Amino acid sequence: MPWAETIVDTLKKWDTSLIAYVPDISIDRVTSIIDADPFFHLVSCTREEEAIGVAVGSYAVGRNAAVFMQSSGFGNSINGIASLCLPARTPIPIFMNLRGQVGEFNIAQVAMGRNTTPILDLFGIAHYTIESEDRMDTLLDGVMKLCHAHRNPVAICMTPMLHGGKIA
Amino acid sequence: MLRFDATQLVLRHAGDSPVVGNLGPTSDELYHAGHRDRNFYTYGSMGLCSSIALGMAVSTDDKVISLDGDGSLLMNLGAIATIGREKPENLVVVVWDNEAWGQTGGQPSHTATNTNLEEVAQSCGIAKTTTVGDLETLEEAFGRAMNEPGPWFIVAKIEEAEEYMPVAPVEPEFTLYRFRNTYVG
């Protein structure tokens, strides 16, 4: 199954219907499907940290939520993750397009992109980088299971090798 | 108008509605005004109070009340734009506006000079807005907000008490799941 549809199917399987996001061209293929599907409510935010707050609020009233962003915006969301998601133990899956990888054309995107997974490690946030559709459904299912069992955010990092961004 | 008196007024009219408290004295005073399972105290994440309330409002039919602050909302003005885009009828944002960063030494905030948060909300498409300066007008506005479709955006000009109240128990995980259990059992 194509990667975008796999993500949508996994979100449905885990009854995760509130999606808060900041638009990104590489993951637009997923958020476009979500936007057109009445199962979901897609909230477009002005900033990634805002999306974290919206997702936590939704989870607090009993509706599972996920966040979509690109890694550059991960930098904008850290205080919300560190002082809300982590201390309150909220299982929010964060799907992000990982910049600064092979094929990156913009020097300004490299530092945040290359440091995203080390920062996730510093916070003890589990993260998985996906570069292939092979067994992606099994991996995502397991990531969601961990997310809810651990009641902590998890990050699913997607590179151009997966979503077809221009590499060379 | 003291924020604590205004908070007590809000709770008298809140029924079972979720109330999200901004970090610091707003959550502390919410706790002392009347602790309840549907009080969602925040302990950090400055700027996200009304974003949390928005996430609740789009995921429940209950009226949801945000008790935000001018300094915090200035940190995340985009939240007002997102509320204006989503337009949840069940969201009531109350901004305790003391025109200062009260906890960091009382430095004047931008609402002390040129920023008018009610006008910001209006320009973001939130039609039901008002600015109040005393308990009587707050009660009238909040009563309407709880009974008429919103979203509502109420700027309440408040004063800090001379002394802060004791800090509410700092227990983010317990706060979240105590609150959540009123929805999922």
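Predicted model: local features only at pLDDT ≥ 70, side-chain atom pairs only at ≥ 80, totals over all residues.
Modeller: Two strands pair if DSSP finds at least two bridges between them.

Biologist: Happy to! What makes β3(B) and strand β4 (residues 91-97) of chain B a pair?

Modeller: There are 6 bridges between β3(B) and β4(B), and the two run parallel. The cut-off is at least two bridges, so they pair. As one example, B:Asp68 has B:Val95 as its bridge partner in β4(B).

Biologist: And what makes strand β1 (residues 19-21) of chain B a partner of β3(B)?

Modeller: Here 3 bridges are found, in the parallel sense. B:Val19 has B:Ile65 as its bridge partner in β3(B).

Biologist: Why is strand β3 (residues 64-69) of chain B called mostly covered?

Modeller: Of its 6 residues, 6 are buried. To be buried, a residue needs 20 or more other C-beta atoms within 10 Å of its own. B:Val64, B:Ser66 and B:Asp68 point one way and B:Ile65, B:Leu67 and B:Gly69 the other way, and all are buried.

Biologist: Over to chain A, then. Which residues of helix α1 (residues 3-13) of chain A are buried?

Modeller: They are A:Trp3, A:Ala4, A:Ile7, A:Val8, A:Thr10 and A:Leu11. Down the axis of α1(A) they fall within an arc of 160°, so they line one face of the helix. Their cover includes β1 (16-21), β3 (64-70) and α6 (136-150) of chain A.

How values were computed:
Residues numbered from 1 in each chain as written. Chains lettered and ligands numbered in written order. Buried ≥ 20, exposed ≤ 12 C-beta atoms within 10 Å, placed from the backbone. Helix = DSSP H or I, 4+ residues; strand = E, 2+ residues; numbered from the N terminus. Arc of directions from axis to C-beta. Contact = placed C-beta atoms within 7 Å.
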